[in-house]
Amino acid sequence: SIKLAALYMLSPATLLTCVGQSGTLFNTASVIFAFLFALKGMPVHSAAFLALATYLSLYPFMLIIALVLIDSQVSKTSRWKSAARVIMPFFISLTVLSLVSYYISGSWDYIYSVYGFILTVTDL
């Protein structure tokens, strides 16, 4: 799985995105690490990386269900216990990231910049 992640990170499409100075590289890397840690049976690390991806863009939030299902299979526990093992660290990490951003910027204006358009768009 490390070889697969390295292969993806060194692919021409990923490198050209990096050269173009796009932030999607960080978002994609966070999602990849979230699934890597989920498959290794590390739900706290997995939830933290998914929180980082969600912090950068709202869409990865939907992957939390996949992480819960992976954790329940890897750890061989009930889905309710796996949900608690993934969802609680996810929201704690997302809260910490938000508080750090508030501390650095001094305002909550970044929330509308990151999530505002996604949540308030009326017609596409």
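**A helical protein and its cavity**

The largest cavity holds about 30 Å³ of space; a cavity is a set of points, on a 1 Å grid over the protein atoms alone, where a 1.4 Å probe fits but cannot get out, and its volume is the space filled by probe spheres set on the points, which are joined across faces, edges and corners. The model is predicted, with local features needing pLDDT of at least 70 and side-chain atom pairs counting only at pLDDT 80 or more, while totals for chains, interfaces and linings use all residues. Residues are numbered from 1 along each chain as its sequence is written, and side-chain values use heavy atoms, with hydrogens and water left out.

The protein has 7 helices and 0 strands, where helices (H or I, at least four residues) and strands (E, at least two) are DSSP runs numbered from the N terminus. Along the principal axes, the C-alpha atoms fill a box of roughly 40 × 35 × 35 Å.

The count is 1 cavity of 30 Å³ or more. Lining residues, those with an atom within 4 Å of a point, are Phe37, Ala38, Gly41, Met42, Pro43, Ser46, Leu67, Asp71 and Val86 for the largest cavity. At least two residues of this lining come from each of α3 (24–39), α4 (43–56) and α5 (64–75). The lining comprises 6 nonpolar, 2 polar and 1 charged residues; Ala, Val, Leu, Ile, Met, Phe, Trp, Tyr, Cys and Pro count as nonpolar, Asp, Glu, Lys and Arg as charged, and the others, Gly among them, as polar.

Next come the helix pairs. The axes of α5 and α6 (residues 79–105) come within 8 Å and cross at roughly 130 degrees; axes are lines fitted to C-alpha atoms, for helices over the stretch in contact, and angles run from 0 to 180 degrees between N-to-C directions. Therefore α5 is oblique to α6, since angles under 35 degrees count as roughly parallel, over 145 as roughly antiparallel, 65 to 115 as roughly perpendicular and the rest as oblique. In this pair, Ile64, Leu67, Val68, Leu69, Asp71, Ser72 and Ser75 of α5 make the contact with Arg79, Ser82, Ala83, Arg85, Val86, Ile87 and Phe90 of α6, contact meaning heavy atoms within 4.5 Å. By class, these residues are 8 nonpolar, 3 polar and 3 charged.

The axes of α4 and α7 (residues 109–120) also come within 8 Å, crossing at roughly 90 degrees, so α4 is roughly perpendicular to α7. Here Thr54, Tyr55 and Leu56 in α4 meet Tyr110, Val114 and Tyr115 in α7. This contact has 5 nonpolar, 1 polar and no charged residues.

Definitions and conventions
1 Å grid on protein atoms, 1.4 Å probe; cavity = no way out; pocket = protein on both sides within 12 Å on 5 of 7 lines; lining within 4 Å.
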